[in-house]
Amino acid sequence: MKKIIIRLFFISFCLIGFSQNDSTTYYKKGVYNSFADFKNKIPNKSIEFTTYQPKNSLSAGFQLRNKKNKRIKKAFAVSDGKTTFIKVKEMHKIVRKTQRVGTPLDSGWDFISSLLESKEIIYFENYFVSLGTQIFGGKSYLTGIIYNVKKESFMVLNSNEKVYQFINEFNSDLKNKYDFSAKRVDLIKVRALVYDIINQQK
């Protein structure tokens, strides 16, 4: 319940003064079988689907189901034309090539949904198990994830260094507005930062 409240609050916050009515900012409706298809913005087929999130789930992931109520498994991403869903397992494989991150708290077939999108970035959030504790059962944390459309790369904002890297790539002037010097990344500030950057891209 707490997770749902946080999600609804964030979505409500982001929709104030910001609208995703411009369909040119979204990935086309359909299934993207591979990362290559996603990078090229070419869906393999159109599909009607529903989202399902198990009760008492400790993750931010969704199951996607087709018209026959069967889980969608063989896809890198799925879009309904407004929201992009990325398969957590596949995203994690890509991130691990360039960044040390913990294990995501999702099954291999779960997807996470975009919370904000523009022509340049897509913002997600997901739970990860901390690297230093995952051997002993793990302490989980919720963190932001950026997909850089131009660079065709994902970045997990799990450190202040990564947040500042993100700021420098998209709007270095915002370094004077946001302070990320605390020991832990302030997710509330990250959300506000992403909102600012996307709003300025309009």
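Predicted model: local features only at pLDDT ≥ 70, side-chain atom pairs only at ≥ 80, totals over all residues.
1. Let me start with the largest nonpolar core, which has 22 residues. The residues with the most contacts inside this core are I121, Y123, F166, V190, L193 and V194. At least two of its residues come from each of β9 (121-129), α4 (160-170) and α5 (187-200). The biggest contribution is that of α5, with 8 residues.

2. Setting aside neighbours within four places in sequence, V194 is in contact with L116, I121, Y123, I146 and F166.

3. There is also a second, separate core, made of 21 residues. Among them are F35, I86, F128 and V149.

4. Next, have a look at α4. Its buried residues are N160, K162, V163, F166, I167 and F170. Viewed down the axis of α4, these residues fall within an arc of 160 degrees, so they line one face of the helix. The cover over them includes β9, β10 (140-148), β11 (153-156) and α5.

5. Turning to the sheet: 4 strands, in the order β1-β4-β5-β7, form an open, antiparallel arrangement. β1 (30-32) and β7 (111-113) are the edge strands, each pairing on one side only. On average, and ignoring direction, neighbouring strands are turned by 20 degrees against each other.

6. Within that sheet, β5 (residues 84-87) pairs with β7 in the antiparallel sense over 3 bridges, and F85 stands opposite S113 in β7. Helix α3 (residues 88-95) packs on the sheet and touches both β5 and β7. The direction of α3 makes about 70 degrees with that of β5.

Terms used
Residues numbered from 1 in each chain as written. Heavy atoms only, no water. Core = buried A, V, L, I, M, F, W, Y, C linked by side-chain atoms within 4.5 Å. Buried < 20%, exposed > 50% of the residue type's maximum accessible area, 1.4 Å probe, protein only. Contact = heavy atoms within 4.5 Å. Arc of directions from axis to C-beta. Pairing = 2+ DSSP bridges. Axes fitted to C-alpha atoms, helices over the stretch in contact; angles between N-to-C directions.
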